[in-house]
Structures are given as C-alpha cells and as structure tokens.
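Hi there,

Here is the structure I promised to pass on. Please have a look at it first, and then read my notes below.

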Amino acid sequence: MGTNRLTRSATDSMLGGVCGGIARYFGIDSTIVRLVFVLAVLSGLSPLIYVILWIVMPKEELALPSTPAQDPTGEWKYDPYTGQKLN
C-alpha cells in the first residue's frame, strides 16, 4: 500500500496529475475529482486552484525496476552498439 502523502499522480494523469493525486489521497475515483473540478469551473476559481495545486504539489516518484530490461520476444540477438551476438 502506498504512502498517505498528497502528491501529483505520475500514472493517473490527464493534465498535471493533480486530480489523480487528490483522488488517491482520499481513496476515491479520480473521475469524481475531475468532475468536481469541471463543475467548479463555473465559479471561476477552479482553473486558478488547479494551477496553484499543480505548482505546489510535488510529483509522485516512481520506483525504478530493480532488474534490467528483459527481452520478452526473444528478438534481441545482437548488441546494437557493437554488433556482437548476445548470449
């Protein structure tokens, strides 16, 4: 389970990841948060609040895979830099 820190989402993002991050923080669907922001546009404050949150909220850090990339198709036969056959 992830941390309970308010960050912009790196994976659930349509524009800046703000709505995805807020949804993950509160444990709700990001579509609901996006809908609330769209409805709030009528008030005129929503775009300003979104931009401020985009600037203030840190971007979520994704963990890099610990193993090197594997060739799932078996097509990597030669090193592209040296041309030598790979084992």
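Please keep in mind that the model is a predicted one.

E60 has a partner: its side chain forms a salt bridge with R24, and the closest N and O atoms are 3.7 Å apart. This pair links distant parts of the chain, since E60 sits in the segment after α3 and R24 in helix α1, 36 residues apart. R24 is partly exposed, at 35% relative accessibility.

How many salt bridges does the structure hold? There are two. The other pair is D12 and R34, whose side chains meet at 3.1 Å, N to O. What about accessibility here? D12 is at 29% and therefore partly exposed. R34, at 17% relative accessibility, counts as buried, because the cut-off for buried is under 20%.

Now to helix α1, which spans residues 18-26. Which of its residues are buried? They are V18, C19, G20, G21, I22 and A23. The elements that cover these buried residues include α2 (30-40) and α3 (46-56).

Best wishes

Note on methods:
Residues numbered from 1 in each chain as written. Predicted model: local features only at pLDDT ≥ 70, side-chain atom pairs only at ≥ 80, totals over all residues. Heavy atoms only, no water. Buried < 20%, exposed > 50% of the residue type's maximum accessible area, 1.4 Å probe, protein only. Helix = DSSP H or I, 4+ residues; strand = E, 2+ residues; numbered from the N terminus. Contact = heavy atoms within 4.5 Å. Salt bridge = Lys/Arg side-chain N within 4 Å of Asp/Glu carboxyl O.
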